[in-house]
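Please read these points with the model open beside you.

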Amino acid sequence: MQRSQPVQSCSSMTTIACPMRSRSRLSLSGCTFKALLSRTVDGTHVAPEGWGSIVSEDGGRLDRLIGLLRRRGIIHPAFEIHGGIAGLYDFGPVGGRLRRKVATAWLDHWAKHGDIVEIDSPTLTPESVLVASGHVGEFNDHISQCDACATTFRSDHLLEGIHPNPDSLGCDELNSLIAANDVTCPACGKATWQSARPMNLMFATSIGAMKSSRPAYLRPETAQGMFMLFPSLYRHFRNRLPFGAMQTGKGYRNEISPRQGMIRLREFNMAELEYFIDPEVTPSHDFSKWNDTPFSLIPDPNNSTGDRELDSAAPVGMTIGDACDNGIVRHPTVGWFIAWTWDFLVGIGIDPNRIRFRQHEDTEMAHYATDCWDCEIEGSYGWIECVGIAHRGCYDLQAHENATGSTKLRAWRAFDQSRVVDKQGLVPVGAIIGPAFRDRAAAVSAALVGLDQIPDSFPFELTLEDDSTVSIEENMVERKQIQSTEHGEWFTPHVVEPAFGIDRIIWHLLDHSFDETQKGGENYTYLHLAENIAPIDVVVLPLMEKDGMSELAGDIHAKLCQSAGLASYYDGSGSIGRRYARADEIGVPWAITVDHDSIGDGTVTIRRRDDGEQVRMSVDDAIIKLQNGSVGSAF
Ligand SMILES: [Zn+2]
């Protein structure tokens with residue numbers, strides 16, 4: 001299913017033949033981006049450890065950026081002294097807070113709408129959940145093993161450049177294309193292959209010990225947690241749609257050969273939101289906020305609902321309101337999430353000119369989905385899918401209902417006018433129900449009369465209004481043809497799901513803000529990170545560590561660190577110019593410098609990262625302005 005990572009362009013998920021799998025979900029780690037591949041040295045059968053090798057076409061910019069991220073403790077290959085493991089990364093002393101600020105910004109962005117709440121669910125997931133969701137059956141990539149050297153590769157990677165969409169092929173097609181094209185082993189050069197076979201991408205484990213253990217997996221996505229909590233969410237929102245639930249957290253996928261650094265990971269940071277809607281209600285979203293913001297859209301070239309001729313694969317500039325009105329975006333709530341996704345990305349510093357939304361073609365969408373858009377961001381690896389926005393219909397809740405028999409994954413829709421219908425009903429036999437259930441007998445009778453569906457067999461479990469259950473035997477009821485007045489009906493809500501790859505977004509934030517220039521004849525590097533996500537808010541620098549300057553600077557640093565939401569960094573070593581450069585290199589927006597005058601009059605300078613301009617103000621003013629975010633107004 002798709003649930004995993006959506007992506008189409010990507011796909012690690014292979015799927016084709018699997019309706020479930022899909023590509024509609026973010027495939028955070030799995031994409032075979034052709035642009036990427038063309039820039040990587042491939043062919044190592046074992047995934048390159050660490051960052052992997054990168055062929056630079058940009059004068060080494062990418063290598064320098066990656067070097068900076070490692071050197072300054074932003075992102076670092078994990079377990080390096082043990083040799084490292086491809087696809088696993090640490091966020092270091094600077095990156096850790098960057099990751100958290102981006103995740104927090106994401107949660108805050110959606111929470112402000114008032115009908116979306118945060119939840120948190122286990123990453124360890126019992127097998128039955130992932131059987132129901134489709135992951136156990138369909139969450140696969142195909143692998144091919146070289147007969148000569150035993151190296152394994154993703155089968156579709158072997159066909160890059162040979163087939164336009166190799167990740168969409170099944171085993172037979174992969175095998176015949178590999179044979180017909182004499183594809184050679186990138187490791188040893190031979191062309192003898194074992195047959196391609198599917199490999200499930202989940203990390204398997206078990207819960208409990210020995211015979212009582214249950215099979216389980218590390219979750220491949222966070223979305224199942226929101227579906228499991230639907231009954232609780234429905235109650236929380238007083239049984240009224242629409243509403244949403246979201247969570248950020250880790251997802252796992254056992255990539256066969258992770259490449260491209262932060263783009264394809266084995267353990268990744270996800271942020272997903274499930275927004276539950278009534279399919280019979282047409283939502284009215286206000287798109288006027290974006291009337292002057294044409295988005296770059298690449299509609300499905302086969303889109304027949306629009307009233308314009310669409311040029312295949314070419315982006316069109318269009319407001320989201322127009323795209324919804326003319327049917328290019330097929331559901332207004334999908335359009336609404338596209339617009340708010342754009343706001344989020346631009347709000348944390350992604351270059352708005354390097355964002356586009358690409359609609360899935362029918363052939364790349366899961367069968368149950370009605371509209372899917374990938375948000376792609378352009379960076380050093382080309383256009384990369386970073387967000388998937390999918391209208392998934394009732395698929396997910398229905399799949400869990402089918403698997404469990406639970407009727408709790410439904411919502412109630414009241415009729416405009418009550419309807420009188422003839423139907424089979426169960427009438428409680430008071431003489432038996434009474435003694436059997438005593439003070440709960442009335443509640444049991446009410447639940448029996450209110451049953452929508454008569455069970456096929458006895459005994460069956462009946463859920464009472466207080467959510468407790470009782471067992472009903474055949475002799476407790478009589479089947480009768482009854483007339484009933486119906487005031488509404490139960491239905492399975494539909495869901496619109498935006499799924500964000502947080503690591504990919506962080507990668508592009510770093511890529512877009514990485515700026516190399518010259519100062520005094522030397523190379524000089526900035527990270528122009530937005531103030532709201534910069535991991536360190538301010539650096540405090542004594543001009544020299546003598547004459548009381550380091551003590552005052554230490555005091556200021558301590559006060560700033562005690563301010564909620566502020567991170568300060570003290571740096572007392574090296575020339576002041578070098579210290580500014582070190583701060584600029586990790587994107588610290590503000591620098592406070594304590595000099596000789598500070599000791600005399602209690603003033604300091606505040607320097608702005610992006611232009612080096614400085615203003616002088618009292619220590620107290622500086623602290624207050626940093627605390628309330630108004631320091632920029634002093635310039
Ligand atoms: Zn080989």
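1. Two strands pair if DSSP finds at least two bridges between them. Helices (H or I, at least four residues) and strands (E, at least two) are DSSP runs, numbered from the N terminus. Strand S5 (residues 140-145) and S7 are antiparallel partners, with 4 bridges.

2. This is a predicted model, in which local features need pLDDT of at least 70, side-chain atom pairs count only at pLDDT 80 or more, and totals for chains, interfaces and linings use all residues. Residues are numbered from 1 along each chain as its sequence is written.

3. S5 and S7 belong to an open sheet of 3 strands, ordered S6-S5-S7, with antiparallel pairing. At its edges are strand S6 (152-154) and strand S7 (197-200), each pairing on one side only. On average, neighbouring strands here are turned by 45 degrees against each other, direction ignored.

4. Another open sheet has 5 strands in the order S25-S24-S26-S27-S28, and its pairing is mixed. Its edge strands are S25 (568-570) and S28 (614-618). From one strand to the next, the twist averages 25 degrees. Within this sheet, strand S26 (residues 590-594) and strand S27 (residues 603-608) run antiparallel, joined by 4 bridges. Trp-590 stands opposite Arg-608 in S27.

5. What does H15 touch when it packs on the sheet? H15 touches strand S24 (538-542), S25 and S26, and its direction makes about 165 degrees with that of S24. Angles run from 0 to 180 degrees between N-to-C directions, and axes are lines fitted to C-alpha atoms, for helices over the stretch in contact.

6. Helix H15 (residues 549-561) also packs with helix H18 (residues 619-627), at an angle of about 25 degrees and with the axes 11 Å apart. That makes H15 roughly parallel to H18 (angles under 35 degrees count as roughly parallel). Ile-556, Lys-559 and Leu-560 in H15 meet Val-619, Ile-623 and Leu-626 in H18. Contact requires C-beta atoms, placed from the backbone, within 7 Å.

7. Leaving aside neighbours within four places in sequence, Tyr-526 is in contact with Asp-515 and Asp-584. Tyr-526 and Val-588 are 62 residues apart in sequence and 9.3 Å apart in space, C-alpha to C-alpha.

How values were computed:
Angles under 35 degrees count as roughly parallel, over 145 as roughly antiparallel, 65 to 115 as roughly perpendicular and the rest as oblique. Two residues are in contact if their C-beta atoms, placed from the backbone, lie within 7 Å.
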